[in-house]
Amino acid sequence: MPLELVREVDKAVEAIVLATRESPDDRTPEKQETLYWQADLRVRQLSVSPIFLALHFRFVELAGHWATTSWTFWVSLFLNISIIPLAIKQIPLASPSMTSMIQLAAFNNTFQSTISNTGFLVWIDAYCTPIFHYLLDDISDREQLHYTAIGVLLALTYESTLFLLHATGDSIVVILLTAIGMFVGVQLVLTLLVSRYIKYASRGLFGRSNTSSLVGIFTLGAQNTLFQAGNLAKRAFAPLSRRPKELRPVSPLRFSLEANLHSPYSWLPPGYFRLLRIPKRQPSESRIHCQFIVVPLASAPPYEAVSYVWGSPTKDKFISVNNTDLAITSSAYEIIQRRHSFWRERVIWIDQICINQRDVNEKAKQVQMMRDIYTRAERVTAWLGNSPHAQLVQRFFAELDMLNRSPNFSSGQKLKEKIFSMHEERRSHLSAVSEFFRNPWFRRVWIIQEAACAKRLYVMYGDVCMDWVYLCRAVAVLLSQDLLTIFPRSDADGKILSFTDNMNRRLGLRNADTMMAFRGDINYGKPSTLSWLLDEAMGFESTDPRDMVYALLGLTADDSSAAIIPKYDGTNSPASVYTQVMRFLFSQATPKPPAALYKAGVGWPRSGKVPGLPSWVPDWSYSTQIRFLHDDYAAGTSYSFKVGDLDDHEPSITRLQGEIVDHVKHLGHIFSAKDGNTRLDEVIQLQQSYDEAYDLASTHAFQASDESLFNETFIRTLLGNKRYGGPDGKAFFHGLSASQCQGYFTDMKQGYEKYRMLTALEEEPGAGTETELQLFLEFHTRVEEFGFLLGSSIGGRRFCVTKKGRMAVVPPLCKKDDLVVILGGMSMPFLLREHHGQSATQTSRTSTQGSDSARYKVVGCCYVDSAMEGEIELGKGGMFTLV
């Protein structure tokens, strides 16, 4: 069927889906029902279109019988060649190919009628249209499946109507019955199959599990068929997609001189921005020639915004813009090449090219417009780069969706067992997915705004174009079922992954989930504060440290965007930007203190990108640090959070009220994993760190009268008194029971020897019985659970014993004699270190208050046993001057 009809049906069905979902608070049930019936009526109207088309061509055929056979043939040929291809003129390849098929078919006696020729065209169109669009990167694999399903259903409606008309002699009654029957039948099929997740469908005619399972199997089969067809078509048309050979590079010196004399950039009036027009590619051209379009954002033509990673800052590739050579990075050049098409021109927005990077004033103004730029774009394309394993990712996501729909794998453990049993068969798929989430795009801070604000978001990865909804579905399954724990520790080429690679894989998956949450918040109008956004963005990165703040300002609903104006000149250093942010958060901290303070301190490694940063200001450019989950503690929450007057003449200094309660005495080593380790090596290293910490506690900590109570305190301190659980088995909860502590203690006592014996089952294909596999999975789950808990509390930190015999977990760069201080309003104790002057030991001996003349550095927050629930009663305390 014509593409526009298919698209209209898809939009109408999507409107039904949206109308049946949980709605924002401002939408009443009556309005919800009205929206549903409006969308439903639109689907019904569109479903009748092929019936009227069939009737039209039947009357044309009857008219042809009154004339000569020759006249009938030429009318048929004219209609098929001109009218239908014109209706699908968006597909340059479809029209000539279908015209050729019709011309050949016209010489066969079985295709002599108008109806037969047109029906043949409709069927070809239903299958060819999505494939051709997929080849041209205009639709995603999810849309390809939707368009094909809708096209086939409409074609079936058309063909069935024609068949009934032929069989019944065209009586008016039969025509009406046919129209009504197809009207109802198509509506039912569209509702059940095409609309995917409509709640009333899965709860009404069929049981939910059966419907989900059938739809999952149907979808997977259709996807695999279309994936194969798309891949074959891409290979067939590969010669047409060859990229132009780049001319000999311009010398850097010559380019620098010419760039200063001939720049493609002109001044932008307020509210205007640049778009890059990429004309159709000519076979003979050897350089990409583009033009800038300067337009007001409010009335911009349809355009595509690109989200990508800059990668190497070296600009060693060249394109022609407004007849001037422009140097760009390799990543930007790949994108321009990919969007350079033989079939149509494109208009895109890509920050590296459309913003004059040499003009800091223009850059600062355009950054403030970026939310609107991505919001107004017709589509946003996330370019993740080329990969030979992209199709493996696509197929695994499709199979994962099918398995998750099946009632036989409704529980996470069963789904794990199924994938684990296919471990060797699917090792390449699992490794490819692991590589996918290690892509630096998932850690780029700007993608939060770009992905959250996009109307339609697509992910292009190698030769694959995925719909964001399709990716979200896979991320939800991977996280909810904790499937990342059974992924191999090697890449698709068999190379063992480093600890950093494993961390990036987890960060990528976590950040994808964070972006899903941001998109949901924006769609439902949920306001976000800068403090909350900074906390959520800790797993992201940026080339310029200032962008860790600037990239989030467009999403805030507080006064931060007015108080913090993006500036990229030399007078606005990253340290001054971060300090300005922290002072803003202090000014908003009434009565609750800013959560950012828990991430501050010189006790944590810093990136080195932000020199001169005060100790009480977090280094937001350091993305891989793991922080304490502080929400459930109450060390100082019974007291008010008090900040001294902020002095504009000394912006790097602040004053907070608190009281000294202890200081660090005995320090252990850092709990960490080494690069290149296997799971077994990590468990062994974990055991060694655990044994060392237990020896330190046994030697120096306060000894309880009951050994089991001592062991319970030790486990509780290591894990920060957090337990693992919840409805989905993934949430952290406050408060370990005595039996849970004892269970973990027993597991670690006998742990890695059992793990050593059972880990062979994973490394050797086919090894072990079903019982042994089950035993491995259960033990593996407990080890992973304990590892996650350790990672949230002591991973990357140190175990220590204080002077008063308390067990504690402290930042990795903590030093002996650092002060343990409880600050008013803060849920966790902090470590402070005197900056200069008298020693910390002298200060702590003479007073529990900070010295008026001393200045202190924040080392970081910590977990201290018997101090986390407000057990320590504070006196008046004093003000600590922090630098």
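What pLDDT does the chain average, and what share of the residues score at least 70? In this predicted model, the chain averages a pLDDT of 75, and 65% of the residues score at least 70.

Figure 1. Residues 85-112 form one stretch with pLDDT below 50. Beyond near neighbours in sequence, the model gives this stretch 52 contacts. Residues 247-259 also stay under 50 in pLDDT. For residues 247-259, the model has 11 contacts beyond four places in sequence.

**Figure 2. Surroundings of Ser387.** Ser387 sits in the loop that runs between strand 7 (379-383) and helix 14 (390-405). Its relative accessibility is 11%, so Ser387 counts as buried, the limit being under 20%. The Ser387 side chain makes a polar contact of 3.2 Å with the side chain of Tyr461. The side chain of Ser387 also reaches the backbone nitrogen of His389, at 3.2 Å. When residues up to four places away in sequence are not counted, Ser387 touches Glu435, Tyr461 and Gly462.

**Figure 3. The largest nonpolar core around Phe437.** The largest nonpolar core has 177 residues, and within it Phe397, Phe436 and Phe437 touch the most other members. Another core, of 15 residues, lies apart from the largest one. Among the residues of this other core are Val661, Val820, Ile822 and Ala867.

**Figure 4. Helix 11 and its buried residues.** Helix 11 spans residues 330-339. Because eight of its 10 residues are buried, helix 11 is largely enclosed by the rest of the structure. The buried residues include Ala332, Tyr333, Ile335 and Ile336. Ser331, Gln337, Arg338 and Arg339 of helix 11 are buried as well.

**Figure 5. Cysteines Cys453 and Cys800.** Cys453 has a relative accessibility of 7% and therefore counts as buried. Cys800 is likewise buried, with a relative accessible area of 0%. A search of the whole structure finds zero disulfides. For Cys800, the nearest cysteine sulfur is that of Cys814, 5.9 Å away, and Cys800 is in no disulfide. The cut-off for a disulfide is a pair of cysteine sulfur atoms within 2.5 Å.

Note on methods. Residues numbered from 1 in each chain as written. Predicted model: local features only at pLDDT ≥ 70, side-chain atom pairs only at ≥ 80, totals over all residues. Heavy atoms only, no water. Buried < 20%, exposed > 50% of the residue type's maximum accessible area, 1.4 Å probe, protein only. Helix = DSSP H or I, 4+ residues; strand = E, 2+ residues; numbered from the N terminus. Polar contact = N/O pair within 3.5 Å; in protein donor to acceptor, adjacent residues only side chain to side chain. Contact = heavy atoms within 4.5 Å. Core = buried A, V, L, I, M, F, W, Y, C linked by side-chain atoms within 4.5 Å. pLDDT = per-residue confidence, 0-100.
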